[in-house]
Structures are given as structure tokens and as C-alpha cells.
Amino acid sequence: MKTTHQIAIIGGTGRAGRYLAQKALESGYGVRMLVRNPEKLIYHDDRIQTITGDARDVSSIRTLLDGCNVVINTFGQPVKALPLYSEITSNVLAVMSEYGIRRYIGVTGGSLNVDGDRKSLVNRVASKFFEICSAK
Ligand SMILES: NC(=O)c1ccc[n+]([C@@H]2O[C@H](COP(=O)([O-])OP(=O)(O)OC[C@H]3O[C@@H](n4cnc5c(N)ncnc54)[C@H](OP(=O)(O)O)[C@@H]3O)[C@@H](O)[C@H]2O)c1
């Protein structure tokens with residue numbers, strides 16, 4: 001299949017990221033991944049371009065997003081680190097704006113609430129439960 005979309009994935013060494021990378025390749029998309037530690041990659045495919053870097057670093061995001069038209073952010077908060085999701089998402093959205101990339105897909109936990117959510121009652125209860133359990 002001819003590749004028409006190049007997808008940038010943040011968090012490709014993680015569970016969600018490697019699953020989505022595999023599905024993207026199966027669907028004929030090109031995949032570029034930002035990885036902090038390439039040796040942690042357990043899903044290998046010669047078609048994946050890996051960029052070594054940290055999502056807190058805007059220059060790494062610029063390198064990753066160069067030539068891409070879709071971004072999937074599967075960043076997962078490392079245990080014991082300061083909360084990073086907002087900082088990383090801001091970096092990604094800023095570089096997307098610079099490059100004119102319009103499609104962003106964020107993968108997050110169920111406890112996150114954002115404007116425009118359309119969660120069912122069950123999801124709202126589960127979300128509250130996760131929020132209480134993960135509170136420090
Ligand atoms: N797995 C599930 O079943 C599931 C279900 C629902 C929602 N989610 C949500 O999906 C997201 C990802 O979950 P996951 O289970 O895939 O997490 P995970 O396996 O812990 O993977 C997290 C990924 O984030 C990367 N990362 C962490 N800090 C980074 C940084 N500073 N720069 C670049 N990359 C960084 C990690 O890279 P390193 O390898 O370098 O640490 C890793 O690739 C989370 O928001 C989670 O709440 C997951």
C-alpha cells in the first residue's frame with residue numbers, strides 16, 4: 001500500500017505506543033518514534049524511523065515531527081517524576097503549529113477530565129475512582 005501519512009509517535013517503547021505503531025504499519029502508514037532509550041524497544045520493524053530524544057526537549061520534538069502529518073502522543077507519566085503531561089503536550093502542540101500539522105491524537109488515563117468530554121455515567125464514576133486512587 002502506498003504510504004500517504006507519516007505518523008509521529010511519542011512513547012513508542014510503551015504498551016500503547018508499540019501497539020499503535022504496529023497497527024499503523026499494518027495499515028500502510030509510515031511511523032517515526034521518539035524514544036529515550038532505543039534499547040528498550042521490544043517491537044522492531046525496519047520501516048520504523050526512531051529518533052532518540054526526550055519529549056521535554058523541543059528540539060527533539062521538532063526532529064520527530066519533521067515530515068509528519070499526524071501525531072499520536074502515548075506518553076506515560078513515569079513513576080516518581082514530576083507531572084509532565086501538560087509540558088510535553090504544550091511542546092508538541094507548539095511544534096505542530098510551527099509545522100502546520102493538524103491531526104493530534106492523545107492517549108491518556110481515564111482520570112483526565114477535559115472540556116468537551118462526553119463521558120457516560122459509568123466512565124465518570126470510574127474517572128473519579130482513578131482520580132482518588134492516584135491522588136498523592
Ligand atoms: N496500557 C493501557 O492498557 C492503557 C489503557 C488506558 C490508557 N492508557 C494511557 O496511555 C498512556 C500510555 O500508557 P502505557 O501503558 O503505554 O505507558 P507505558 O508503557 O509506561 O509507556 C510510557 C511511554 O512514555 C515514554 N516516556 C516517558 N517519559 C518520557 C519523556 N520524557 N520523553 C519521551 N517519552 C517518555 C516512555 O518511554 P521510556 O521507555 O523511555 O520510559 C514509554 O514509551 C498513559 O497516559 C496511560 O494512562 C494506557
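The largest pocket of this predicted model is lined by 44 residues, and those that lie nearest its centre are Phe 75, Gly 76, Gln 77, Pro 78 and Tyr 85. A pocket is here an open set of points on a 1 Å grid over the protein atoms alone, where a 1.4 Å probe fits, with protein on both sides within 12 Å along at least five of seven lines, and a lining residue has an atom within 4 Å of a point. Two or more residues of the lining of the largest pocket come from each of α1, β2 (30-35), α3 and α4 (121-134); these elements are DSSP runs numbered from the N terminus, a helix being a run of H or I of at least four residues and a strand a run of E of at least two. About 1300 Å³ of space lies in the largest pocket, a volume being the space filled by probe spheres set on the points, which are joined across faces, edges and corners. By class, its lining divides into 18 nonpolar, 17 polar and 9 charged residues, where Ala, Val, Leu, Ile, Met, Phe, Trp, Tyr, Cys and Pro count as nonpolar, Asp, Glu, Lys and Arg as charged, and the others, Gly among them, as polar.

The second largest pocket has a volume of about 160 Å³, and its lining includes His 5, Leu 20, Lys 23, Ala 24, Val 70 and Arg 103. The elements that give two or more residues to this lining are α1, β4 (70-73) and β5 (103-106), and the largest share, 3 residues, comes from α1. The lining of the second largest pocket is made up of 7 nonpolar, 1 polar and 2 charged residues.

Residues are numbered from 1 along each chain as its sequence is written. As the model is predicted, local features need pLDDT of at least 70 and side-chain atom pairs count only at pLDDT 80 or more, while totals for chains, interfaces and linings use all residues, and side-chain values use heavy atoms, with hydrogens and water left out.

Around the ligand there are 18 residues, of which Thr 13, Ala 16, Arg 36, Asp 54 and Ala 55 come nearest, a residue being counted if one of its heavy atoms lies within 4 Å of the molecule. The side chain of Thr 13 places an N or O atom 2.4 Å from an oxygen atom of the ligand, and a polar side-chain atom of Lys 40 lies 3.0 Å from a ligand oxygen atom. These are polar contacts, that is, pairs of N or O atoms within 3.5 Å; within protein, one atom must be able to donate a hydrogen and the other to accept it, and residues adjacent in sequence count only if both atoms are side-chain atoms. Ala 55 takes part through its backbone, a polar atom of which is 2.9 Å from a nitrogen atom of the ligand. The backbone oxygen of Ala 55 also lies 3.3 Å from a polar atom of the side chain of Asn 91, a residue of helix α3. Asn 91 counts as buried because its relative accessibility is 13%, the class buried meaning under 20% relative accessible area, exposed over 50% and partly exposed in between, with a 1.4 Å probe and protein chains only.

Helix α3 also holds Ile 88, which is buried because its relative accessible area is 2%. In the loop between β4 and α3, Lys 80 has a positive phi of about 75 degrees although it is not a glycine; Lys 80 is exposed, with a relative accessible area of 83%.

Side chains of opposite charge can pair when their charged atoms come close. A salt bridge is taken as a side-chain nitrogen of Lys or Arg within 4 Å of a carboxyl oxygen of Asp or Glu, and by this rule the count comes to 5 salt bridges. In one of them, Lys 23 pairs with Glu 26, the closest N and O atoms being 3.4 Å apart; both residues lie in helix α1 (residues 15-26), 3 residues apart, about one turn of the helix. Lys 23 counts as partly exposed because its relative accessibility is 34%, whereas Glu 26, at 51%, counts as exposed. A further salt bridge joins Glu 98 to Arg 62, with the closest N and O atoms 2.9 Å apart. This pair links distant parts of the chain, since Glu 98 is in helix α3 (residues 85-99) and Arg 62 in helix α2 (residues 58-65), 36 residues apart.
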